[in-house]
Amino acid sequence: MLERMPPPSKRTNDPERTKRDILEVAMAEFASEGYSGARVDAIAARTRTSKRMIYYYFGGKEQLYLAVLEEAYRTIRALEDQLDIGSCDAREGLRRLIEATFDHDERNPNFIRLVSIENIHHGKHLKQNLQLRQLNASVIATLDGILERGRGEGVFRDDVDAIDLHLAISSYCFFRVANRHTFGALFDRDLSEPRVLAKSRTQIVEMILAWLGATA
């Protein structure tokens, strides 16, 4: 007597998972090939979906690229929102935010590449997307709150605004990932080496707190 085989399982229709998978692969494609070099066909092949399906979900290559940028920025903004900076003093709150930014950039080189690519295009895609600009306003509001608390505690100077502070933190954290290969080739220092990495992480906190008039 032949053993009866179970019926084949039906493929689950999960649009949200499909979109997440497309975004993940698209992020790697855009980060590797740039906006101009990225191919929707390649993204479709690596996600076992179709170009038509990608266009159905996202509308086109530019819309997909914007969705990738939005996801990249949303990740770091969500990370900042999860930090417990309200239960400590301003210096400790700022320390936690700086360290989180440092760790995020170190773990996410594709984020650094995507931002660099958008700068090559003079930020034209970001300028057209109000939602992305609104999304990134949260970090300025967070830093505004930290600065206000620090001034109230008498530990922060009053002539630095939140955008200045965000620029200073981002510059250091971004540069060491974006330029580690050229920096290493010129100065023979591997910025990803664990000892150098730990030193850099401490250094950025000390630099920012010293600049703001606080002691590390």
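This note goes through a predicted model point by point.

1. Basis. Local features are given only where pLDDT is at least 70, and side-chain atom pairs count only at pLDDT 80 or more, while totals for chains, interfaces and linings use all residues. Residues are numbered from 1 along each chain as its sequence is written, and side-chain values use heavy atoms, with hydrogens and water left out.

2. Annotated region. An unreviewed UniProt entry places "domain: HTH tetR-type" on residues 16-76. Such annotations may be inferred rather than shown by experiment. In the model, residues 16-76 are 89% helix and 0% strand. Helices here are DSSP runs of H or I, at least four residues; strands are E, at least two. The end C-alpha atoms of this stretch are 21 Å apart.

3. Main core. A nonpolar core is a set of buried Ala, Val, Leu, Ile, Met, Phe, Trp, Tyr and Cys residues joined through side-chain atoms within 4.5 Å. Buried means under 20% relative accessible area, with a 1.4 Å probe and protein chains only. The largest core has 31 residues. Phe30, Ile43, Ile54, Leu64 and Leu114 have the most contacts inside it. Two or more residues come from each of H1, H2 (40-47), H3 (51-58), H4 (61-81), H6 and H8 (130-135). H4 gives the largest share, nine residues. A second, separate core has 23 residues, including Leu94, Phe102, Val139 and Ile169.

4. Phe30. Phe30 lies in H1 (residues 15-37). Phe30 counts as buried because its relative accessibility is 1%. Beyond four places in sequence, its contacts (heavy atoms within 4.5 Å) include Ile43, Leu64, Tyr65 and Leu114. Phe30 and Ile43 are 13 residues apart in sequence, with C-alpha atoms 9.5 Å apart.

5. Leu64. With residues up to four places away set aside, Leu64 touches Ile22, Leu23, Ala26, Phe30, Ile43, Ile54 and Phe58.

6. H2. The buried residues of H2 are Val40, Ala42, Ile43, Ala44 and Thr47. H1, H3 and H4 are among what covers them. Arg48 follows H2 and has a positive phi, near 55°.

7. Glu118. A salt bridge needs a Lys or Arg side-chain nitrogen within 4 Å of an Asp or Glu carboxyl oxygen. The nearest side chain of opposite charge, Lys127, is 8.0 Å away. Glu118 lies in H6 (residues 109-120).

Conventions
Buried means under 20% relative accessible area, exposed over 50%, partly exposed in between (1.4 Å probe, protein chains only). Lys and Arg count as positive and Asp and Glu as negative; His and the chain ends are not counted.
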